[in-house]
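Dear colleague,

Please find below the structure that I am handing over to you.

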Amino acid sequence: MTRASQPKRTRHRRAGMSLLEVTIGSMMVAVITVTASSVAVDMTRHIAGSIRQTRVVAEARLAIESLRRDFGGASLDDSQGDRVLGQLVGRRIASADELQLCFDGDGDAHPDWLGPDRVITYSLVDDQLIRTDSTTATSFVVAQHVESVNFEPMAGEIEIQIDFALGDFSDTYLFVTADVP
């Protein structure tokens, strides 16, 4: 056979990839997957932490707003519109985590601590700061996730420290206001 009559031999490439190529590709996919999942876990932790912090801040704002309103000096529910009736005339701290405020109901400007005076009580029950109104016999949750509360009289002021905890996030808020004369 002459060269011209010999069939051409061509090298056939096989279809697919070699074991080395498959191994390197698998390792690259594994590294990318591990990196992406660790980034996703870190982002999830950060978002969950931000949600806990936001919830605690919202609860603290509710507690401080309720206290600010009550220490403002007059009962907001005074239906008579009389500036003397409903005035904050007394405060007593029953325990470190219970505060009572007395609003004048009979116009004598003296805390009687019973009807017709209105007594508002702030107390810690489980992990909730509760506000109870003796006149209407109603209670409601002022704030949740409260770890502790401390009512402390100071010279002419009252200091209210509220510690919040939610998951691994905790924060302390301090409310200082003029004490009741």
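**Strand pairing and the sheet**

Arg92 stands opposite Gln100, a residue of strand β2. The model is a predicted one, in which local features need pLDDT of at least 70 and side-chain atom pairs count only at pLDDT 80 or more, while totals for chains, interfaces and linings use all residues. Residues are numbered from 1 along each chain as its sequence is written, and side-chain values use heavy atoms, with hydrogens and water left out.

Strands β1 (residues 88-95) and β2 run antiparallel and are joined by six bridges; two strands are taken to pair if DSSP finds at least two bridges between them. Strand β2 spans residues 98-103, and five of its six residues are buried (under 20% relative accessible area; exposed is over 50% and partly exposed lies in between, with a 1.4 Å probe and protein chains only).

On to the next pairings. Six bridges also link β2 to strand β3 (residues 118-125), again antiparallel, and here Cys102 faces Val119 of β3. Strand β3 in turn pairs with β4 (residues 128-133) in the antiparallel sense over six bridges, with Thr132 in β4 as the bridge partner of Thr121.

Together, the order β1-β2-β3-β4-β5 forms an open sheet of five strands with antiparallel pairing. Because β1 and β5 (138-144) stand at the edges with a single partner strand each, one side of each is left without a neighbour in the sheet. From one strand to the next the twist averages 20° (axes are lines fitted to C-alpha atoms, for helices over the stretch in contact, and angles run from 0 to 180 degrees between N-to-C directions).

**The helix and the whole chain**

The protein has one helix and eight strands, these being DSSP runs numbered from the N terminus (helices H or I, at least four residues; strands E, at least two). Helix α1 covers residues 19-71 and reaches 77 Å from its first C-alpha to its last, close to the 78 Å expected (1.5 Å times one less than its number of residues). It lies across β1, β2, β3, β4 and β5, at about 135° to β5 (contact means heavy atoms within 4.5 Å). The buried residues of α1 include Val56, Leu67 and Phe71. After α1 comes Gly73, with a positive phi near 115°.

Of the 181 residues in the protein, 28% count as buried.

Yours sincerely
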